[in-house]
Amino acid sequence: MTTAAAPPRVPEAIHRRRWAILCTLVLALLVVVLDNSILNVAMKTIATPAPVGLGATQSDLEWSINSYTLVFAGLLFTSGLLGDRFGRKLALLAGMVVFGIASLLSSMAGSPGELIGFRALMGVGAALAMPATLAIIMNVFERSEQPKAIGIWAGAVGLAIAIGPITGGLLIEHFWWGSVFLINVPIVIVAVIAMAVLVPESKDPNPGKLDPVGVLLSIIGLVALIYGIIKGGELADFTAAEAWVPTLVGVVALAAFVWFERRTAFPALDVTWFRNKVFSASVVVVGVIFFALMGVSFFGVFYIQSVRGYSALQAGLLMLPLAVAQLLFAPRARLVVDRFGVAATAAAGMLLVAIGFVGYTVLTATTPIWVLIVLGLVMGAGMAHVMPPVTVAIMGSLPREKAGAGSAVNNTFRQVGGSLGVAVLGAVLSTVYRDGMSDTLNQLPENLRDKAGESLEATLAIADRIPGGAALIGPANDSFIHAMHVVASLSVGISVIGALVAWFLLPRRSAAPAGPAGPAPEQQGEPLVETAAADA
C-alpha cells in the first residue's frame, strides 16, 4: 500500500503570489535596517555643534542607537505574541505606520534628548513589524522553499547595509542631518500599500495570554545593564557607583525575568525552548556575531571619517564591499549548507568574520584603503554564511503556529547582541582612548579635560577651538587607533567563540524548517487557510 504524498500546506491562491509577498516583506526589512546603516554615517554630523548638527556627545550617539535597539529588543517578545494572537499582517502594518511617524519626528528633533526619544518610538514600530516578516515567510512558503526564502530575507540586510551608507552620505552632503530619517517616510508609504494589497493574514489558533510582568522585567534589565556599561565607559571607571549600581540592577532584573518566565503559565519567552540544543546554539551564534559587528561598525565610521579624513559619502562607499558580499552570498548559503552541513557552514562563516577583525588590529592611519575593502568583503561573506542557516535552524526547531514568537526570539538576540556590542565595545573604546590621551589632556585647561577626553570627535572639536590645538590631533589619532585595535582584538575572540559554538552544537546536516517541534500541518488550523479561501 502506497502512502499518498502530503498535501501542500499553503493554499494555491497564496502560493502563486509568494514571491511578490516576499518582496513586500523585504521592503519592510530594508527600511528598518536602512535606518541604522544610514545613522552610522550621520553620527559624525550629529556630533557636530548646532546649527550643522545637534552637538551630541559620545554617550548621546550610543543612546541614539541603544534607545532604538533596547525598546526593539524589550518589546519583541510581546510583539511576536501580539502578531500570533491578533494577526501578523495587522502587526506588520501597525509597526510600519508607527515607524514612519517616528522617523518623521526624528528628522525634526531639536536636541539629542528629543532624537533619543523619537528613536525609541521607532523601536516600537520596528518591534511590531520585524517578527511578523519572518513569521509570514514561514506561513506562505512550503518547507522545501523556506531556506531559499530565508536566505533572501537575510540577504536583504546586506542590501540595506549597501544602500544605507551611500544614501546617508548623499543626504548628508546635500541636505541637513534630519534627512537621513525623513527618507524612511516615502519607503514606508510604498511598503504599507503593497502589504495591504498582497500580504495574507495569519494567526496562532491557540494563543497564550500576554505577559506584562515578563516584558517589564526584560525592559528594566536590558536598559539598566547597558546604561551601567555606557556610564562606566564615560567615566573610565566601572567601579563607580553610577556604573555598577545600574549594572547590578540589570543583572538582577534579567535573573528575575528568567525565574518568572519559568513559572508563569503564559510566558513572553518560553524558556523550555532553550532545552533544544540547536535552538540555543543558533540564538547564541546570532547574538555573538551581532555583538562583534555592531561594536566595530560603531568605531569604523570614526576611523574612516575622523582619522582618514573621508567624507560621509566616501565612508558609505567604503562600507559597500561588506554589504555587497552579504547580498551576493546570503541567498546562496543554502547550497553550501546542502553540501557541508549547518555546523560547518556557520563555523566557517564565523571564522571569516574573525579573520576580518584580525585585519582591523593592524590598520594604521596610513594603511592603503584597499585593505579595508578586502576586509569588508571577507566579513560580509562570513556573515552571509552564518545568518541564513542559523535562522532556518531557529525557525525549524519551533512549531509553525509559533512563528511570530520564534521570529521575535531570533531578532531579540540579534538586537540585544548588537546593543550590547555597541555598549560594551564602545565603553572599552572610550576607556582605552581616554587612558591613552591622559598625558596629553593634562596639558589642557582643567575645564576642557573631561570634555576633550570623551571621544576622538570631542578632542578634535576642542582642537579646532583653542590656540595650538593642532598638537592634539596626532596623539588623538594614535590613541583612537590603539583603542580600535583593542576592541578588534576582543571581537576576534568573541567571533572564535561563536565559531566553536556553531561547530560543536549546531546540526551537522541541514535543519528542516518547521520540523518535528510543531504539529502536523493539517492539524494546525491556521487562519491563513481561511484567508486563502476567501481570496480564491
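These are my notebook entries on a predicted model of a single chain.

**Ground rules.** I number residues from 1 along the chain as its sequence is written, and I take side-chain values from heavy atoms, with hydrogens and water left out. Because the model is predicted, local features need pLDDT of at least 70 and side-chain atom pairs count only at pLDDT 80 or more, while totals for chains, interfaces and linings use all residues.

**Overall make-up.** I looked up the secondary structure and found 23 helices and zero strands. Helices (H or I, at least four residues) and strands (E, at least two) are DSSP runs, numbered from the N terminus. Of the 536 residues in the chain, 60% are buried. Buried means under 20% relative accessible area, exposed over 50%, and partly exposed in between, with a 1.4 Å probe and protein chains only. I then checked contacts, meaning heavy atoms within 4.5 Å. Among those between residues at least 6 apart in sequence, 83% join residues at least 24 apart.

**H15 against H21.** I looked at helix H15 (residues 342-360), whose axis lies 8 Å from that of H21, at an angle of about 170°. Axes are lines fitted to C-alpha atoms, for helices over the stretch in contact, and angles run from 0 to 180 degrees between N-to-C directions. The two helices are therefore roughly antiparallel. Angles under 35 degrees count as roughly parallel, over 145 as roughly antiparallel, 65 to 115 as roughly perpendicular and the rest as oblique. On the H15 side the contact includes Ala343, Met350 and Tyr360, and on the H21 side it includes Met484, Ser491 and Trp503. I sorted the residues of this contact into 18 nonpolar, four polar and no charged. Ala, Val, Leu, Ile, Met, Phe, Trp, Tyr, Cys and Pro count as nonpolar, Asp, Glu, Lys and Arg as charged, and the others, Gly among them, as polar.

**H20 against H21.** H21 (residues 473-505) also comes within 10 Å of H20 (residues 456-465), axis to axis, and the crossing is roughly 180°. That makes this pair roughly antiparallel. Here Leu456, Thr459, Leu460 and Ala463 of H20 meet Ile473, Ala476, Asn477 and Phe480 of H21.

I found Val378 in helix H16 (residues 369-384). Its relative accessibility is 25%, so Val378 counts as partly exposed. Leaving aside neighbours within four places in sequence, Val378 touches Leu352, Ile355 and Gly356. Its C-alpha is 7.3 Å from that of Leu322, a residue 56 places away in sequence.

His385 sits in the loop between H16 and helix H17 (387-396). At a relative accessible area of 13%, His385 is buried. With neighbours within four places set aside, His385 is in contact with Phe329, Ala333, Val336, Thr345, Ala346 and Gly349. I then counted H17: ten of its ten residues are buried, so H17 is largely enclosed by the rest of the structure.

**Largest pocket.** I noted a volume of about 430 Å³ for the largest pocket. Its lining has 18 residues, with Leu254, Phe257, Leu269, Phe413 and Val416 nearest the centre. H9 (212-235), H10 (241-263), H11 (277-307) and H18 (403-441) each give two or more residues to this lining. H18 provides the largest share, five residues. By class, the lining holds 13 nonpolar, four polar and one charged. On a 1 Å grid over the protein atoms alone, a pocket is an open set of points where a 1.4 Å probe fits, with protein on both sides within 12 Å along at least five of seven lines, and lining residues have an atom within 4 Å of a point. Grid points are joined across faces, edges and corners, and a volume is the space filled by probe spheres set on the points.
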